[in-house]
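Here's a quick briefing to read alongside the model.

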Amino acid sequence: MTPPIVETRNLCRSYGGGVEALRGVDLRVETGEFVTLVGRSGSGKSTLLTIIGGLDAPTGGTVLIRGTPLDYRDRRDLISLRRELVGFIFQQFNLIPTLTARENVEYPLLFNYRPPIERREKALELLSMVGLEGRASHYPGQLSGGEQQRVAIARALIADPPLILADEPTGNLDSTTSEGIFSLLQRLNRERGVTLLVVTHERELGSYSDRTIEMRDGRVVA
Ligand SMILES: Nc1ncnc2c1ncn2[C@@H]1O[C@H](COP(=O)(O)OP(=O)(O)OP(=O)(O)O)[C@@H](O)[C@H]1O
Ligand SMILES: [Mg+2]
């Protein structure tokens, strides 16, 4: 049996002042799954995502990537996780305003020592996949919210990560645009086999995913 792409065991994260953001999270995400994560504000969703993505460390428990425990004290382990395994999508898009759509998509590859032509072609291919082939030389300020998020999705895919972590990717978008983004995510999952773990406040968007996990007070409840 192949191990899950991500598994957490008794994952805990406490902050100062007695805040326990995660209180023993056990989670398995299999390769190729599309999982949505719901739960009230403050239930620990973002904390869980940042720890799985190696942007923060747990105070207890283990994260296993394809069966291998992640060593949060090993900087190289975390760097290779972020470079090779995970693509992030955020609520605020986080595009660089002075770069065009294409340059934003290329940006993560600047650190991978790839020839500029290869980077450019790949960025254009991804922009066309998200339906923005005509917008490659536009700046973020010239794009709608939904278009900016599609640029951010293309950027998350540029290094071919097998796993995408998205924290409320449609939190700033109207419901029609949100559906468009979720059906795009569903297409990535089905056509490219990308594994997705996506936080959302809108439960109905869970219908685009294979299953929905709910968090409450730092635990997974369903
Ligand atoms: N840096 C921090 N220092 C102290 N407490 C924190 C910190 N970050 C998060 N918390 C607390 O940890 C808990 C979980 O926060 P988290 O951001 O993971 O929730 P969330 O489920 O993502 O909420 P939302 O839906 O509002 O985004 C909250 O009680 C929050 O106040
Ligand atoms: Mg959050």
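Setting aside residues up to four places away in sequence, Val105 touches Ala123, Leu126, Leu127, Val151, Ala154, Arg155 and Ile158; contact here means that two C-beta atoms, placed from the backbone, lie within 7 Å. This is a predicted model, so local features need pLDDT of at least 70 and side-chain atom pairs count only at pLDDT 80 or more, while totals for chains, interfaces and linings use all residues. Residues are numbered from 1 along each chain as its sequence is written, and chains are lettered from A and ligands numbered from 1 in the order in which they are written.

**Val105 and its surroundings**

- Val105 sits in helix H3; helices (H or I, at least four residues) and strands (E, at least two) are DSSP runs, numbered from the N terminus.
- Val105 counts as buried because it has 30 C-beta neighbours inside 10 Å. The cut-offs are 20 or more other C-beta atoms within 10 Å for buried, 12 or fewer for exposed, and anything in between for partly exposed, with C-beta atoms placed from the backbone.
- Ala159 is 54 residues away from Val105 along the chain, and their C-alpha atoms are separated by 9.9 Å.

- Which residues are around ligand 1? They are Tyr15, Val19, Ala21, Gly39, Ser41, Gly42, Ser43, Gly44, Lys45, Ser46 and Thr47, where being near a molecule means having a C-beta atom, placed from the backbone, within 6 Å of it.
- Strand S2 (19-29) and helix H1 (45-52) each put at least two residues into that shell, and H1 gives the most, with three.
- By class, the shell around ligand 1 splits into three nonpolar, seven polar and one charged. Ala, Val, Leu, Ile, Met, Phe, Trp, Tyr, Cys and Pro count as nonpolar, Asp, Glu, Lys and Arg as charged, and the others, Gly among them, as polar.
- H1 itself is mostly covered, with six of its eight residues buried: Lys45, Thr47, Leu48, Leu49, Ile51 and Ile52.
- Leu48, in H1, counts as buried because 30 C-beta neighbours lie inside 10 Å.
- Once neighbours within four places in sequence are left aside, Leu48 is in contact with Leu22 and Val25. Its C-alpha atom is also 8.9 Å from that of Gly218, 170 residues apart along the chain.
- Just after H1, Gly54 takes a positive phi of about 75°.

- Pro58 lies in the loop between H1 and strand S4 (60-65).
- Is Pro58 buried or exposed? It's buried, because 22 other C-beta atoms lie within 10 Å.
- Leu11, Cys12, Arg13, Ile51 and Tyr72 touch Pro58, not counting residues up to four places away in sequence.
- For Pro58 and Cys12, 46 residues apart along the chain, the C-alpha separation is 5.8 Å.

**Helices H5 and H6**

- H5 (residues 145-157) and H6 (residues 175-192) pack at an angle of about 15°, and their axes are 10 Å apart. Axes are lines fitted to C-alpha atoms, for helices over the stretch in contact, and angles run from 0 to 180 degrees between N-to-C directions.
- That angle makes H5 roughly parallel to H6 (under 35 degrees is roughly parallel, over 145 roughly antiparallel, 65 to 115 roughly perpendicular and the rest oblique).
- Gly145, Gly146, Gln149, Arg150 and Ile153 of H5 meet Thr177, Gly180, Ile181 and Leu184 of H6. By class, that contact has three nonpolar, five polar and one charged residues.
- Ser175 has its place in H6 and is exposed, because 11 other C-beta atoms lie within 10 Å.

- Most residues other than glycine have a negative phi, and most peptide bonds are trans.
- Asn94 has a positive phi near 55° and is found in the loop between strand S6 (86-90) and helix H3 (101-106). With 13 other C-beta atoms within 10 Å, Asn94 is partly exposed.
- Glu168 has a positive phi too, near 50°, and lies in the loop between strand S7 (163-167) and H6. Glu168 counts as buried because it has 20 C-beta neighbours inside 10 Å.
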